Amino acid sequence: MHVYIEDIGTHVGEQITIKGWLHNRRSSGKIHFLILRDGTGFIQAVMSKAGVGDEMFKAADHLSQETSVVVTGTARADQRAPGGYEIDVAELEVIGESHDYPITPKEHGVDYLLDRRHLWIRSERQHAILRVRHEIINAVRDFFNVRGFILADTPIFTPAACEGTTTLFPAQYFEDQTAYLTQSGQLYNEANAMALGRVYCFGPTFRAEKSKTRRHLTEFWMVEPEMAYADLNDVMDLAEALVVSIVGRVIDRRRRELKAIERDLSKLESVKAPFPRVSYDEAVKILKEKGLPFEWGGDFGAPDETTLSEQYDRPVMVHRYPAAVKGFYMKPDPAHPNLALNVDVLAPEGYGEIIGGSERLADLDLLLERIKEHHLPQEAFEWYIDLRRYGTVPHGGFGMGIERVVAWICGLEHVRETIPYPRMLYRLYP
Ligand code: 4AD
Ligand code: MG
């Protein structure tokens with residue numbers, strides 16, 4: 001019977017078949033130890049001369065890395081095995097040979113590996129990261145679906161900018177039009193929230209970021225909830241609940257993967273509500289006390305965010321930034337109109353901003369003013385302005401970048417390992 005490695009625990013003592021690939025192999029005279037993988041996990045298969053006969057035993061001598069194999073044998077519990085189980089091989093069939101596999105157990109440079117990303121994802125560590133990513137995405141979907149948010153997809157081809165005009169990717173749209181790849185579904189989300197109440201979109205977003213940092217991709221996945229009749233506090237409450245729920249679920253269901261990538265679980269276990277809520281003004285004070293040369297008025301850079309996040313054992317929510325450094329669509333704080341009613345959630349351990357959100361500008365005249373100040377073409381935003389003409393309400397939401405969250409939860413140096421095929425300034429292949 002075909003069994004996936006992750007389910008082997010329920011088949012101890014039975015004759016089973018694993019369909020996978022040879023990950024690694026070592027031999028000691030009369031025994032071959034074959035490490036198999038099938039996408040769900042890794043397991044050691046023990047092949048003895050006595051068990052399979054001379055001929056098959058000899059053939060297995062030449063099996064090379066990534067040969068695809070179908071192995072039949074008896075599943076056995078073994079305390080010493082990493083997954084807790086092993087297989088005693090009775091039969092092995094080669095499906096596809098593999099010669100000179102380019103990624104060997106020795107160390108390779110990152111560029112070498114990224115050029116072979118289509119193969120690199122077979123390795124144990126990359127495999128574990130992608131499974132954690134999957135869990136995070138499912139946790140996000142469940143979180144919103146259970147709470148009654150409606151998934152309303154937003155377009156990828158758009159006629160205008162949402163997050164500044166300097167990071168747009170243009171695309172020729174038939175003969176005479178330019179479309180831009182979306183930077184954020186937010187503006188459409190706002191319209192959808194006026195129709196459906198609470199909504200979210202979840203898809204790829206694009207930024208022509210010329211910055212070569214460990215946090216930036218040119219194509220990344222963002223989940224964006226938006227709520228009608230909501231203020232900044234509601235937005236912060238939702239962001240906090242989402243992050244707590246994701247971390248809890250990954251600890252619950254992906255312990256094995258987190259262990260494989262040697263993540264310090266105690267760091268994740270302290271991610272509990274409430275998260276500290278710190279105003280931008282207070283954050284600037286903290287940075288100055290810590291001796292950073294930060295001046296009030298600017299957006300935080302990576303070193304600033306790192307210093308801030310290091311003050312806490314859980315994510316910190318920084319709110320009310322200077323309006324001048326934030327999006328045109330944010331509502332100003334009525335008490336201090338030079339501040340925006342926004343929030344950035346900074347992950348612990350120096351992982352920086354994972355969420356950006358705000359209460360939106362619901363007032364028609366103010367919005368028209370802002371569009372002018374930002375030199376945005378009003379014609380392109382007429383539909384968006386309509387939302388303020390026909391029954392405007394206080395509303396707000398945020399965007400959370402999946403790759404940044406995966407990097408943080410997995411404890412990775414760089415976002416390039418958080419997505420199967422990363423797109424960066426100098427990386428479009430494979
Ligand atoms: O802060 P940002 O730019 O906010 C927006 O796009 C809002 N319109 C979202 C909203 O309110 N609906 O981006 C949100 C998040 C960031 O906090 C970060 O996690 C991620 O998107 N992000 C990136 N991730 C990877 N590479 C990049 N170049 C990213 N730019 C933003
Ligand atoms: Mg931001």
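Which residue just after α14 takes a positive phi? Gly-411 does, at about 70°.

## Model and conventions

This is a predicted model, in which local features need pLDDT of at least 70, side-chain atom pairs count only at pLDDT 80 or more, and totals for chains, interfaces and linings use all residues. Residues are numbered from 1 along each chain as its sequence is written, chains are lettered from A and ligands numbered from 1 in the order in which they are written, and side-chain values use heavy atoms, with hydrogens and water left out.

## Overall chain

The chain holds 14 helices and 18 strands. Both kinds of element are DSSP runs, numbered from the N terminus: helices are H or I with at least four residues, strands are E with at least two. The C-alpha trace spans about 85 × 55 × 40 Å along its principal axes.

Of the 430 residues, 53% are buried. Buried means under 20% relative accessible area, exposed over 50%, and partly exposed in between, with a 1.4 Å probe and protein chains only. Among contacts with a separation of 6 or more, 66% link residues 24 or more positions apart. A contact means heavy atoms within 4.5 Å.

Strand β13 covers residues 316-319. Val-316 and Val-318 lie on one side, Met-317 and His-319 on the other, and all are buried. In a regular strand the side chains alternate between the two faces of the sheet.

β13 pairs with two strands described here. Pairing requires at least two DSSP bridges between the strands. With β12 (residues 277-279) the sense is parallel, over three bridges. There, Ser-279 has His-319 of β13 as its bridge partner. With β16 (residues 342-347) the run is antiparallel, over four bridges.

Ser-309 belongs to helix α11 (residues 302-309). Its relative accessible area is 1%, so Ser-309 is buried. Leaving out residues up to four places away in sequence, Ser-309 touches Val-316, Ala-347, Pro-348, Glu-349 and Gly-350. Val-316 is in β13, and Ala-347 falls within the span of β16.

## Helices α5 and α7

The axes of α5 (residues 124-146) and α7 (residues 232-253) come within 9 Å and cross at roughly 135°. Axes are lines fitted to C-alpha atoms, for helices over the stretch in contact, and angles run from 0 to 180 degrees between N-to-C directions. The two helices are therefore oblique to each other. Angles under 35 degrees count as roughly parallel, over 145 as roughly antiparallel, 65 to 115 as roughly perpendicular, and the rest as oblique. The crossing is right-handed: the near helix is turned clockwise from the far one by less than a right angle.

On the α5 side, the contact includes Val-132, Ile-136, Ala-139 and Phe-143. On the α7 side, it includes Leu-238, Leu-242, Ile-246 and Arg-249. By class, the contact has 11 nonpolar, two polar and four charged residues. Ala, Val, Leu, Ile, Met, Phe, Trp, Tyr, Cys and Pro count as nonpolar, Asp, Glu, Lys and Arg as charged, and the others, Gly among them, as polar.

## A three-strand open sheet

Three strands form an open antiparallel sheet, in the order β7-β9-β8. β7 (157-158) and β8 (170-173) are the edges; each has a single partner strand, so one side of each lacks a neighbour in the sheet. β8 and β9 (residues 177-181) are joined by four bridges. Tyr-173 has Gln-177 of β9 as its bridge partner.

## Helix α14

In α14 (residues 402-410), nine of nine residues are buried. Among them are Glu-403, Arg-404 and Trp-408.
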